[in-house]
Structure formats: C-alpha cells, structure tokens
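This briefing sets out selected structural features of the model shown below. The points are grouped by topic for reference alongside the sequence and coordinates.

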Amino acid sequence: MNATLRHVKYVATENLVTLGAFILFSGFVLLALFGPWIAPYDPLASDTLAALKPPSAAHWFGTDSLGRDILSRIVVAARLDFGIAVSAVAASFAAGSALGAIAGFFGGWADRIIGRIADTIMAFPLFVLAMGIVAALGNTVANIVIATAIINLPFYIRVARAEVNVRRNAGYVEAARLAGNSDLRVLALHVFPNTLPPMMVQISLNMGWAILNAAGLSFIGLGVRAPQAEWGIMVAEGATYIISGEWWVALFPGAVLMLAVFTFNLLGDGLRDIMDPRMRT
Amino acid sequence: MIRMVLKRLLGAIPNILGVIIVTFLLTRALPGDPAAYFAGPAATKEAIEQVRASLGLNKPLAHQFLLYVRDLAKGDLGNSLSTGQPVATEIRQRLPASIELTLCGLLLAVAVAVPLGVLAATRPGSWVDHLCRLLATAGVSLPTFFTGLLLAYVFYFLLGIAPSPLGRIDVSFSPPPTVTGLFLVDSLIARDGELFRAAAKQLVLPATTLGLFVMAPLMRMTRASMLGVLSSEFIRTARASGLPRSKVLYAYAFRNALLPVVTTLGMVFSFLLGSNVLVEKVFAWPGIGSYVIEALVSSDYAPVQGFVLTMALLYVALNLAIDVMYGFIDPRVGIE
Amino acid sequence: MNLLEVRDLSLEFKTRSGTVHALQDINMEIGKGETVGIVGESGSGKSVLSFAILRILDAAARIRSGSIQFAGMDMLGASERSLEEVRGREISMIFQNPRTALNPIRRIGRQIEDVLATHTSTLREDMKKKAIEALARVRIPDPERRYDAYPFELSGGQCQRVMIALALACNPQLLIADEPTTGLDVTTQAAILSLISELAKERKMATILITHDLALASEYCDRIVVMHAGHVVETAPVAEIFRRPRHPYTARLIASTPAPEQSIATLASIPGSLPDLRRDDLPSCRFHARCERAQEDCISKPLPNAAVRCLHPL
C-alpha cells in the first residue's frame with residue numbers, strides 16, 4: 001500500500017498536468033454535488049427583460065434568450081451531465097465486465113455468443129446506434145443513460161475478457177480451484193478483482209466520452225428537454241445566436257463541457273501512467 | 001488474393017445480419033405501440049389501425065421480420081410522414097452531400113494528423129512532440145458541435161473570412177449537373193472552376209470541424225506506431241547498410257508504421273459517421289444528418305429507421321474496404 | 001597499417017537511472033583479411049562496440065574519449081553523409097535474429113536492390129540480375145524465385161543468408177557479424193559460419209565475429225579479443241589463448257565451455273555477475289569482485305595497456 005501511495009505521489013508531482021487534472025476533477029465533483037446550493041440564481045427563472053445580456057458583474061456568464069442566468073444553469077447542469085455519465089458508465093462497466101469475464105474465463109459457447117453481441121454493437125457507428133435507441137425507447141434522460149451504456153458495452157467486454165483470459169491459468173487461480181472453490185467463485189473473488197486496475201483507465205476515458213455522447217444527443221434534441229439545464233442543450237439553444245454575435249450563450253456551456261471531458265481524459269492518461277508507465281503514449 | 005477478399009466478404013455477412021436484426025428490433029420491439037409511432041403524433045385511431053395493417057404489425061414477430069427483409073431487398077424503407085415521399089428516395093438524394101462532407105473531413109484529418117505524427121516521432125521530446133501529445137488529448141475532448149459553432153463564430157462572424165455557414169453552395173450559384181452528387185467532383189467534370197471554388201469554400205469549415213475530432217486518434221496512432229517501428233531491428237539494418245535517411249524513413253519506417261494506422265481507420269469512420277449528424281445541424285448541411293434531425297423533431301419514424309440502417313450498412317461496407325485494403329498492403333495477412 | 005584501429009575508446013549511456021559506463025579504454029585493431037573474434041558474456045559491451053564502430057548507436061550514447069580509425073578515416077569526427085557512404089559499402093554488419101532484422105513487408109530482392117542502388121551505379125535494367133547473383137553467391141537455392149519472397153516465407157537460416165547477401169553486395173572491406181548464429185540450430189550455425197569464412201577468404205575481407213561462444217570463435221577466428229563489463233581484458237591469437245590464457249576471466253571462460261564428454265554436474269560457472277555499470281565508484285579492474293586472484297591494488301591501480309589487462313596475470 002505504501003509503495004502504491006509513493007508511486008501515486010511520484011506520478012502526481014512528476015507530472016503537473018496529472019495533478020491539475022486531479023484538482024479539476026475534484027472541482028467538478030464538488031460542483032455536481034453542491035451545484036444547486038452554489039448557483040447564484042434559480043436556473044429556471046426567466047426574466048425576459050434581462051434577455052441576451054452579455055457577461056456583467058450581475059451575470060458573470062451573461063443571460064440567455066429567456067433571461068436565465070447562464071452561470072447558474074451551467075453549475076446545475078454539472079449534476080445532470082455527471083449523473084448521466086456516472087450511471088451510464090457504471091451500468092456499462094457492471095454488465096460489460098461481467099459478460100467479458102464470463103467470456104474470458106469459460107470460453108467456448110459463452111465466449112462466442114458474447115463476442116457476437118459485442119461485434120453487433122460495434123458494427124454500428126456508435127453515436128448513430130445511440131440515436132436509434134433513444135428514438136425507439138423514448139425521449140427521456142433515462143433512455144440516454146441506457147443508450148450510452150449499451151454503446152459502451154463492447155469496450156468493457158473486450159478489456160475484461162482479455163484481462164481474465166491472461167490470468168485464467170495463473171497459479172493462484174489453480175490454488176483457489178484446488179481449494180474447492182467453484183469456477184464462478186474463483187472468477188468473482190479471485191480473478192476479477194485483479195483485473196480492476198487496468199479497467200480504471202478505461203472507466204475514466206469512458207466518462208469523458210459518455211458526457212460528450214449525452215451532450216451530443218441533447219444537442220440534436222434527443223433526451224434532455226427544455227427547460228432542463230444540460231450543457232449540450234444549452235449549446236444548442238445558443239447556436240442560433242452565435243452567428244449574430246451573442247457568443248456567450250453557447251460559448252460558456254461549451255467551454256465547460258470541453259473542460260470536463262478534457263479533465264477525464266487527462267485523468268485517464270494519468271491513471272495509465274500510474275498503472276503501467278510502459279504504456280505511455 | 002481473391003481468396004482473401006472473399007474471406008473478408010464472408011466475414012462481413014454476420015455483421016450485416018446483425019445490423020438488420022437490430023434495426024428491426026429497434027422499430028418493432030418498442031415500448032408502446034409501434035403502429036402509433038409510424039402513424040405519427042397527429043394520427044387518428046383509424047389511421048393507426050390502417051398503418052398497423054399495411055405494415056403487418058399485427059402478425060407474429062418472425063413473420064414481420066421476413067416482411068421487413070423482403071421490403072429491404074426491394075429497397076423499400078417506408079414513407080416519410082412529413083413529406084409523403086419514400087424514405088429510400090430521399091436518402092438517396094441526400095446521401096452524396098453527407099459522403100462529400102465525410103470524405104473531405106477524413107482527407108483533411110489524414111493530411112494533418114499523419115505528417116504531424118511522423119514529425120513528432122522523429123523528434124521525440126521536442127516541442128513538436130509535446131504539442132502533438134497535447135493536441136491529441138485535447139482533440140478527443142472537443143465536442144464536435146461546439147467546435148463547429150466556435151469556428152463559425154471566429155471565421156465568419158469575427159473575421160469574415162469564411163462564407164455564411166448555411167448549406168453546400170452560395171445562393172447565387174446553381175449546383176453542377178449531377179454525375180456523382182459530390183459537388184467538388186461534379187463541378188470539375190463540368191469544367192466549372194468558379195463553381196468548384198464556391199463549393200470548396202462552403203466545405204472548409206464543416207470539413208475542418210468533422211476532421212478535428214478524428215485528428216487526435218490518427219496522430220496518436222501514427223506517432224506511437226512510428227516510434228515503435230523506428231526502434232525496430234530492421235531499421236537498424238537499414239541504417240547499417242548506409243541507406244539514405246529519406247529512404248529509411250519513408251520506404252522502410254513509414255510504410256510499416258502505416259499498418260496500425262489503417263486499422264485505426266475503422267474507429268475513425270465510426271466517429272465520422274456519428275459526428276456527421278452534429279456537423280450537419282450546425283452548418284445546415286443538406287445531407288442525411290439534417291434529414292434525420294428534421295424527422296426526429298416531427299416524430300416521423302420511418303426516416304429515423306432508414307437513417308440508422310443506411311449508416312450502419314455504409315459502416316459495414318467501409319470496414320470491409322479497410323480490411324481488404326489492409327490485406328493488400330500487408331503481405332503477411334493470410335498466413336494462418 | 002591496420003584496417004581498423006580503436007584507441008582508448010570510452011563510451012557511456014545517459015539513462016533515467018543514471019549514466020551507464022558501457023565501454024572504457026577499449027583498444028582493438030584488425031588488419032586486412034584478418035578474422036577477429038570478440039568474445040564475452042551478454043552485457044560485456046561487444047555489440048555496443050560494434051555499433052560504435054559503425055556509428056549507429058542510440059541517441060543516448062556519448063563517446064567520452066578515444067578514436068576509431070578506419071582505413072585512415074576518422075570515424076568519430078566524420079559527417080553523417082560520409083558515414084552513410086561507408087556503411088554497407090566499406091563496413092557491413094549482420095545481426096542476430098535475421099528474420100526481424102529484415103523489413104517484413106518488403107521483398108528480399110528489393111531489399112538487396114536498395115543497397116545496390118545506394119552504393120553502386122548499377123543500371124536499373126541490371127538490378128534484378130545483380131540481386132539474384134548476390135542471392136546465388138550465398139547459396140540460396142532457387143534464387144530467381146526467392147527474389148520475390150518475403151522474409152516470413154524463409155527459414156531462419158535462409159534469412160541469415162539474405163542478410164549476408166545484403167552485407168556483401170558491395171564488397172566491403174570489413175564485415176561485422178554480431179552473434180549471427182545465435183538462435184539457429186547447430187547444423188545451420190556451421191553452414192552459416194563456414195559460408196562467411198569462405199566468402200571472407202575469397203574477397204580478402206576482414207571479419208569481426210562477435211559471440212558469447214568461445215568454442216565457436218576458436219574454430220573460425222585468427223585472433224580473439226575477450227571482453228568483460230566494458231573492458232577488453234585479453235587479446236591473443238587463437239592457439240595461444242587456449243594453450244595459455246593469461247587473464248583469470250579468460251581461463252574461467254575456457255573452463256566453463258562444455259566439452260562433449262562432460263556431464264551437466266561438472267559444468268563450471270563463473271561466480272557472481274557483471275558489476276552495475278551505473279556506479280561511479282567502479283574498481284579499476286571490473287572483474288575484481290568475481291576473481292579468486294583479486295588483490296588490494298586491483299581496485300585502484302590503473303590497468304596496464306597490454307595484451308593482457310591484468311595486474312596479476314596467470
């Protein structure tokens with residue numbers, strides 16, 4: 001444990017960028033948790049007199065077409081976007097790694113069927129599949145989560161399968177088997193926990209991707225609906241005004257969205273460095 | 001050689017089947033009444049029943065599937081509610097616009113990312129290298145729709161360099177006579193230089209937006225692959241044989257490094273075809289992306305299904321093409 | 001005059017974990033047509049030395065001092081351009097693992113032509129003929145068909161022959177063979193080495209044979225240079241080195257070379273392992289820790305600049 005902590009400290013300090021990512025990440029988490037209490041204005045309160053006002057002392061990020069405070073909406077949207085991303089990735093991770101672990105451990109028919117499922121999902125351009133799923137199931141936030149979870153399944157299936165496959169014949173697995181544990185127990189209690197570290201990298205990168213996905217779907221009108229505050233939909237609302245010069249309506253939500261995704265990507269890179277410096281890109 | 005191509009073709013069949021099955025399920029195994037979906041939000045009870053009968057939605061699922069496949073084979077994707085036109089016709093009309101946009105985005109991305117990746121690999125640790133790595137991480141963080149808006153804002157609104165981001169060609173021009181449907185190609189065939197320039201001008205911003213997102217993985221892969229190849233043993237042999245640096249870099253290193261990059265193209269196309277929709281919305285590009293967005297707004301369901309199916313089949317075809325191309329480039333493929 | 005002269009060469013590598021003092025005060029020469037064997041354990045610096053001669057070292061390498069003269073040319077001070085002219089034409093090198101040392105996606109005929117195109121003024125029409133001739137000279141069966149082959153279609157032994165063809169295509173004066181037969185089966189080993197031997201004799205080409213196998217070196221070389229931990233410890237003609245090894249390390253090496261009648265139980269080994277070359281406080285004699293004749297002055301007194309670099313030779 002000590003060695004791990006020392007290594008974490010080494011990576012964090014050696015690479016300022018990773019440290020920065022950790023800090024930003026914590027910032028976003030705080031925002032997601034305490035957003036509604038921090039926001040200066042009610043994100044849904046419209047004030048048509050104050051519509052489309054540029055950034056000022058009263059409204060740091062300006063107001064949108066309905067006079068709502070953009071900063072407040074951005075802060076509150078953090079919770080929604082993070083919520084979607086976390087639920088989608090958690091569901092995807094749970095289902096995908098379970099399926100992948102089974103495929104890697106037992107092989108044979110299980111492997112073939114699960115591989116087919118993953119291949120079929122990957123035969124689609126992923127965003128297009130997400131669109132199809134949300135359109136089919138209905139225009140709700142829950143369905144965005146389901147769609148995002150489904151399109152991320154193949155990644156987890158693949159990583160889990162590969163990691164389990166590598167460890168399947170390791171010494172400690174044989175020992176556990178000989179001690180009388182059933183195959184399933186061996187898989188769940190002995191093999192699987194050892195595959196977690198490499199999957200952490202995948203999870204972090206996926207979070208960024210899940211947020212982009214959700215925002216993209218909302219941008220084209222699928223999932224989140226007005227007047228809810230979500231980064232993607234805010235950019236969509238601001239799109240019409242950007243060409244006439246009211247840049248702040250779209251720019252601030254977009255910039256924050258970009259920053260959030262960037263944070264997760266940097267975090268993923270940093271985690272990768274901690275896990276295995278050889279894999280540095 | 002032919003055997004390799006045939007093998008690849010056969011390998012694509014399960015994917016095609018999978019795509020057809022999934023799109024079928026997406027439209028028939030819906031929560032709620034599929035007939036109501038297809039009849040539209042404004043339909044009366046009789047209209048819904050009519051739709052149910054005409055689409056065979058009261059039959060058992062397996063029978064419906066056969067009907068579905070039969071219709072597909074005929075090229076029948078149903079009719080759009082809002083326009084009344086067959087979906088297949090509308091998709092065929094609008095597809096070239098999307099293809100032109102996607103191809104230009106890809107070409108742009110490759111033209112920028114690959115040389116940069118090579119440069120970063122041949123000068124490890126330099127500022128070029130660090131810049132490339134930063135761009136690579138930043139690039140995959142860019143929300144495509146946001147970049148598009150930003151570029152439009154900066155280059156059209158602020159700087160006035162780019163033309164108005166509305167459509168494929170300025171209103172003062174009429175499109176070239178249709179041969180391929182790609183304006184760039186058609187205007188060249190019609191030998192109309194001015195038209196070519198006008199079409200190209202409209203393409204710059206949307207293609208750049210599309211390409212920006214995929215530049216990151218391409219550059220990262222090129223750099224990593226090139227670095228790996230440059231430290232391999234056959235490069236050392238080439239150097240020890242006194243081969244000139246340019247030959248070592250290009251004929252020896254680069255060609256070998258390209259192989260994993262070609263494999264990355266599959267993922268690149270997945271992003272491109274998906275982000276296409278977003279870019280078409282931002283720039284009002286009249287392709288199948290904006291077609292499906294309009295359909296979604298009016299809850300017109302058949303076009304959405306047609307769109308998903310078309311994009312998926314296109315993707316399968318593209319992956320097949322990449323596989324075959326790889327088989328041609330790498331002589332080691334086929335020894336199992 | 002000697003064809004190649006290495007004088008007082010010292011070389012180090014800068015790494016994350018410190019500076020590796022890879023070579024120190026290396027003195028070596030080889031005359032025209034001679035075959036010299038460089039023998040030592042892995043990590044002794046034999047390959048590094050050969051890379052240094054051809055100047056194809058890693059970017060992290062720094063030459064601290066010394067000189068390398070080839071046919072009167074100063075290799076250390078030469079421009080990259082002039083070095084490119086020497087490599088493959090005057091000095092050639094063949095490597096271990098012949099299959100990975102060839103470009104996997106380029107036909108071997110083309111690879112030979114690349115070398116010919118770089119160093120000779122062969123006309124395009126004659127290229128293919130010359131390449132096939134080169135393949136025939138290294139006794140590759142059916143050279144016309146093999147011209148179109150890819151490395152993965154050939155056996156290890158055949159790949160090594162292709163490498164030799166590549167190396168000898170422009171008739172170099174010196175061939176450096178870096179463990180050319182490690183990884184090949186014994187029969188192929190013999191075939192490859194006798195091929196090299198014959199071709200060298202035919203063209204009066206000098207050869208440096210780098211190997212960890214002393215017995216192998218003794219069969220094919222005129223002189224042997226023994227290296228240990230970045231030092232040359234002994235240089236002597238073959239017959240003498242076996243009859244009367246003067247350095248303790250050489251004696252140990254000879255003793256640990258298995259004879260056909262020996263059983264595994266009686267195999268002698270050399271105790272200890274190579275010293276960590278990153279240390280700044282390395283003793284004068286780097287064999288000190290493993291030597292049973294070691295004395296106090298071996299640590300600090302500088303080694304003699306003779307054929308045997310030992311303060312207390314056998």
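The model is predicted.

**Helix packing in chain A**

- Helix H5 (residues 126–137) and helix H8 (residues 183–219) of chain A have axes that cross at roughly 55° and come within 11 Å of each other.
- H5(A) and H8(A) are therefore oblique to each other, and their crossing is right-handed.
- On the H5(A) side, the contact is formed by A:Leu126, A:Phe127, A:Ala130, A:Met131 and A:Val134; H8(A) contributes A:Trp209, A:Asn213, A:Gly216 and A:Leu217.
- Seven residues of the contact of H5(A) with H8(A) are nonpolar and two are polar, with no charged residue.
- For helix H3 (residues 70–106) and helix H4 (residues 108–122) of chain A, the axes come within 7 Å and the crossing angle is roughly 140°.
- H3(A) and H4(A) are therefore likewise oblique to each other, but they cross in a left-handed sense.
- This contact joins A:Leu99, A:Ile102, A:Ala103 and A:Phe106 of H3(A) to A:Gly108, A:Ala110, A:Asp111 and A:Ile114 of H4(A).
- By class, the contact of H3(A) with H4(A) comprises six nonpolar residues, one polar residue and one charged residue.

**Nonpolar cores**

- The largest nonpolar core contains 162 residues, and those with the most contacts inside it are A:Met131, A:Ile220, A:Trp231, B:Phe145 and B:Phe307.
- H3(A) supplies the largest share of this core, with 16 residues.
- Leaving aside residues up to four places away in sequence, A:Ile220 touches A:Phe127 and A:Met131 in chain A, and B:Val277, B:Leu278, B:Lys281 and B:Ile293 in chain B.
- A second, separate core has 102 residues, including C:Leu11, C:Ala52, C:Tyr147 and C:Leu303.

**Chain B overall**

- Chain B has 13 helices and zero strands.
- Of its 336 residues, 50% count as buried.
- The C-alpha atoms of chain B fill a box of roughly 80 × 55 × 40 Å along the principal axes.
- Among contacts in chain B between residues at least 6 apart in sequence, 72% link residues at least 24 apart.

**Residues with positive phi**

- Most residues other than glycine have a negative phi.
- B:Ala284 has a positive phi, near 50°, and is placed in the loop between helix H11 (245–283) and helix H12 (288–297) of chain B.
- With a relative accessibility of 36%, B:Ala284 counts as partly exposed.
- C:Asn171 is not a glycine either, yet its phi is positive at about 55°.
- The loop that holds C:Asn171 lies between helix H6 (156–168) and strand S7 (174–178) of chain C.
- C:Asn171 is partly exposed, its relative accessible area being 48%.

**A buried strand residue in chain C**

- C:Thr35 belongs to strand S3 (residues 35–39) of chain C.
- The relative accessible area of C:Thr35 is 15%, so this residue is buried.
- Not counting residues up to four places away in sequence, C:Thr35 touches C:Thr207, C:Tyr220, C:Cys221, C:Asp222 and C:Arg223.

Note on methods:
Residues numbered from 1 in each chain as written. Chains lettered and ligands numbered in written order. Predicted model: local features only at pLDDT ≥ 70, side-chain atom pairs only at ≥ 80, totals over all residues. Heavy atoms only, no water. Axes fitted to C-alpha atoms, helices over the stretch in contact; angles between N-to-C directions. Helix = DSSP H or I, 4+ residues; strand = E, 2+ residues; numbered from the N terminus. Parallel < 35°, antiparallel > 145°, perpendicular 65-115°, else oblique. Left-handed = near helix turned anticlockwise from the far one by under 90°. Contact = heavy atoms within 4.5 Å. Nonpolar A, V, L, I, M, F, W, Y, C, P; charged D, E, K, R; others polar. Core = buried A, V, L, I, M, F, W, Y, C linked by side-chain atoms within 4.5 Å. Buried < 20%, exposed > 50% of the residue type's maximum accessible area, 1.4 Å probe, protein only.
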